[in-house]
Amino acid sequence: MTRDDGHGKSPVRERRRRNGVWIAPSATDFSCLCEHCLELARGEGGSFLAAVRAASVRGRLPTDTDVGFIHCAAGHELVVRRVDRPSTLTRPDARQLQLT
Ligand SMILES: [Zn+2]
């Protein structure tokens with residue numbers, strides 16, 4: 001088990017793929033996988049199960065918060081975004097109110 005206890009933040013270049021997770025509108029507790037940790041674990045040749053365990057992150061986001069940040073065990077930052085309500089479910093009431 002390798003551990004990177006380097007002080008400070010390693011100059012990891014941000015790729016286009018952002019480390020992030022989407023959660024349901026009513027969710028507060030969530031768990032996700034850190035993509036960086038997954039890639040690192042794969043590179044080390046460990047089993048997939050071990051990789052998933054190493055990359056597993058748990059967090060919590062208050063329901064009134066749309067975006068949050070959490071860090072995995074290795075210190076990677078993950079962006080937590082709350083899924084918006086589907087636009088297909090917009091109520092017609094709004095338009096009716098505008099017409100009055
Ligand atoms: Zn990570």
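How many helices and strands are there in the chain? The chain holds 3 helices and 5 strands, where helices (H or I, at least four residues) and strands (E, at least two) are DSSP runs numbered from the N terminus. The model is predicted: local features need pLDDT of at least 70, side-chain atom pairs count only at pLDDT 80 or more, and totals for chains, interfaces and linings use all residues. Residues are numbered from 1 along each chain as its sequence is written.

The elements follow the order β-β-α-α-β-β-β-α from the N terminus on. The mean pLDDT of the chain (pLDDT is the predictor's confidence in each residue, from 0 to 100) is 79, and 67% of the residues reach 70 or more. Among the elements, the lowest mean pLDDT, 54, belongs to helix α3 (residues 93–99), and the highest, 95, to strand β4 (residues 67–71).

An open sheet is formed by 3 strands in the order β1-β5-β4, with mixed pairing; two strands pair if DSSP finds at least two bridges between them. Strands β1 (20–23) and β4 stand at the edges, each with a single partner strand, so one side of each has no neighbour in the sheet. From one strand to the next, the twist averages 25°; axes are lines fitted to C-alpha atoms, for helices over the stretch in contact, and angles run from 0 to 180 degrees between N-to-C directions.

Strands β4 and β5 (residues 77–82) run antiparallel and are joined by 5 bridges. Within this pairing, Gly68 has Val80 of β5 as its bridge partner, and Ile70 has Leu78 of β5. The hairpin of β4 and β5 has 5 residues between the strands, and Gly75 there takes a positive phi near 95°.

Val79 also lies in strand β5. Val79 counts as partly exposed because it has 13 C-beta neighbours inside 10 Å; a residue is buried if 20 or more other C-beta atoms lie within 10 Å of its own, exposed if 12 or fewer, and partly exposed in between, with C-beta atoms placed from the backbone. Residues up to four places away in sequence aside, Val79 touches Arg18, Asn19, Gly20, Val67 and Phe69, a contact being two residues whose C-beta atoms, placed from the backbone, lie within 7 Å. The C-alpha atoms of Val79 and Arg18 are 7.9 Å apart, although 61 residues separate the two along the chain.

Helices α1 and α2 have axes that come within 8 Å and cross at roughly 145°. At this meeting, Cys37, Leu38, Ala41 and Arg42 of α1 face Ala50, Ala51, Ala54 and Ala55 of α2 in contact. Leaving aside neighbours within four places in sequence, Ala51 is in contact with Leu38, Ala41, Arg42 and Gly46.

Buried residues make up 12% of the 100 residues in the chain.
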